[in-house]
Amino acid sequence: MQNQIQTRAVGPFPRVNPPVFITSATVVLVFVSLGIFFKVPTEAVFGAVQAFITEYLGWYYMLAASIFVGFVLWLLMSRYGDVRLGDPHEKPEYGYFAWFAMLFSAGMGIGLLFWSIAEPMYHYITPPFAVEGETPRSAEVALRTTFFHWGLHAWAIYVIVGLALSYFAYRHKLPLAIRSAFYPLLGDRIYGWPGHIIDITAVFGTLFGVATSLGLGVQQINAGLTYLVDAPQSVMLQIGLIAFITAIATGSVVMGLNKGVKILSTVNVWLALGLIAAVLVLGPTVYILNTFVETTGRYLQNLVVMSFWTDTVGNTGWAGSWTIFYWGWWMAWAPFVGMFIARISRGRTIREFTLGVLFVPTLVTFLWLSVMGGTAMFHELVGEGGIAAAVQNDLTTALYVTLDRLPLSGLTATVATLVIVTFFVTSSDSGSLVIDMLTAGGDLDPPRIQRVFWAVAEGLVATALLLSGGLQALQTASIATGLLFSVVMLLMIVSLLKAFRGEPITPTVREREPDAPKETFGDVDHPRGAD
């Protein structure tokens, strides 16, 4: 009976799981070729796929996301909260600040900068729920809806994947791979083709989810360079930016988790905190704080209604363009963020993990949206306006148009561009590390040449998406890959529930000696592997 995934050399790559690596690499190369050389038909396919999913499967996305939130809240209050993700009395590898910095940089990244102003402005002009646009009422709905898209649902999705991977890898000594979460359902078949297919699906979700954010990021960096140095807005410049920043990310991922990813994530968070503090002080401070408190309350008050709203009566297409896109985006990012969070979370209890991953980033995100979105809304409603019009003209400029309304706009715009770049790099390097771990059979320290390969592959996929349809292609990639991985996540919940049946009520009774012959996943026995 196996206790690890078999790896071997394939060409110049010294340690890979051949079925996962070869299949994933081949599909990526085919996709990149189609996007570059057959732009028009590829763009048409993207449009058709997005239309089909949003028209016929919107209800499924809404229901699945709500199930994820419900399961995580139940888990937080359950008796399993004291179970440790690791050996008895094991201490976490990273302190709270480094842990939060890495999980936040990986979990939100460029998208939060891209949409924190643009999204509230869009909803202010064209709000959901049959509200009249460009009114104080639509401003309130706009901010509350943006909180909804970036709040508990997003982080609950990450909790499920991260927790499943941490639990089976650190508590039951299985490889740190998506397939390991299905041992209670599949047994040793996780080491065969059923497990290969699960990991291949996770690779696609990670690759296209990260590539979506990279595509959004370079568009906003381009807008920043236009604002700062009058650089042209062009796809070729954006491709050059992808190449440049992918090179930096490649250097970071080659250095490894502690020397590269951790340091960049910490720098990234400090820069982001500096930007937020500057906007809070230079902007309408009291309005921002009022926005944070009031919108958080309205979000909590309307959470259930928003979670199940599918726009059935109005049938305006709004939910498909916004909420379904976001739920697909978070699900597409789930294998990447979940595995990365699992990689840095050994030694924490389930309750500590859930509280840290669900609530702390959600509150920080709400504060970010209040500062950025609230500042923009204030100037639109009370000040000189023009931000909503700028968003309609070119949404990538929203951040810079807002900063231009504040004192020291040149300095804050420069810092904002640096934050975008560091978010870009941390998303790319952590994504590359995760994909490499997946294709290397759960290896926590995969060979450097493989890290380089996947870092470059991410840049190529982002380039192909930009060439084959821009923002629509990015949205479709997220929604489609999220659809695939949502099924995996629902099965993860079933697998976790089955495994938890083997956890005694009292953790001190549950803990066994290191040489115990076996552990159980509910009804399935599993031999203990080596750390």
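**Confidence**

The mean is lowest in helix α22 (residues 507-510), at 42, and highest in helix α12 (residues 285-301), at 96. Helices here are DSSP runs of H or I, at least four residues, numbered from the N terminus. This is a predicted model: local features need pLDDT of at least 70, side-chain atom pairs count only at pLDDT 80 or more, and totals for chains, interfaces and linings use all residues. Residues are numbered from 1 along each chain as its sequence is written, and side-chain values use heavy atoms, without hydrogens and water.

I noted a mean pLDDT of 82 for the protein, with 89% of its residues at 70 or more. Over residues 506-519 pLDDT stays under 50, and the model has 24 contacts (heavy atoms within 4.5 Å) for them beyond four places in sequence.

**Aromatic pairs**

I counted 35 aromatic pairs. Rings of Phe, Tyr and Trp (its six-membered ring) pair if their centres lie within 6.5 Å; planes under 30 degrees apart are stacked, over 60 edge-to-face, the rest tilted. Trp-59 and Tyr-60 pair edge-to-face, at 6.0 Å centre to centre and 80° between the planes. Trp-59 counts as exposed because its relative accessibility is 51%. Tyr-60, at 15%, counts as buried. The cut-offs are under 20% relative accessible area for buried, over 50% for exposed, and partly exposed in between (1.4 Å probe, protein chains only).

I then checked Trp-155 and Tyr-158, also edge-to-face, at 5.2 Å and 90°. Both are buried.

Key
pLDDT is the predictor's confidence in each residue, from 0 to 100. Helices (H or I, at least four residues) and strands (E, at least two) are DSSP runs, numbered from the N terminus.
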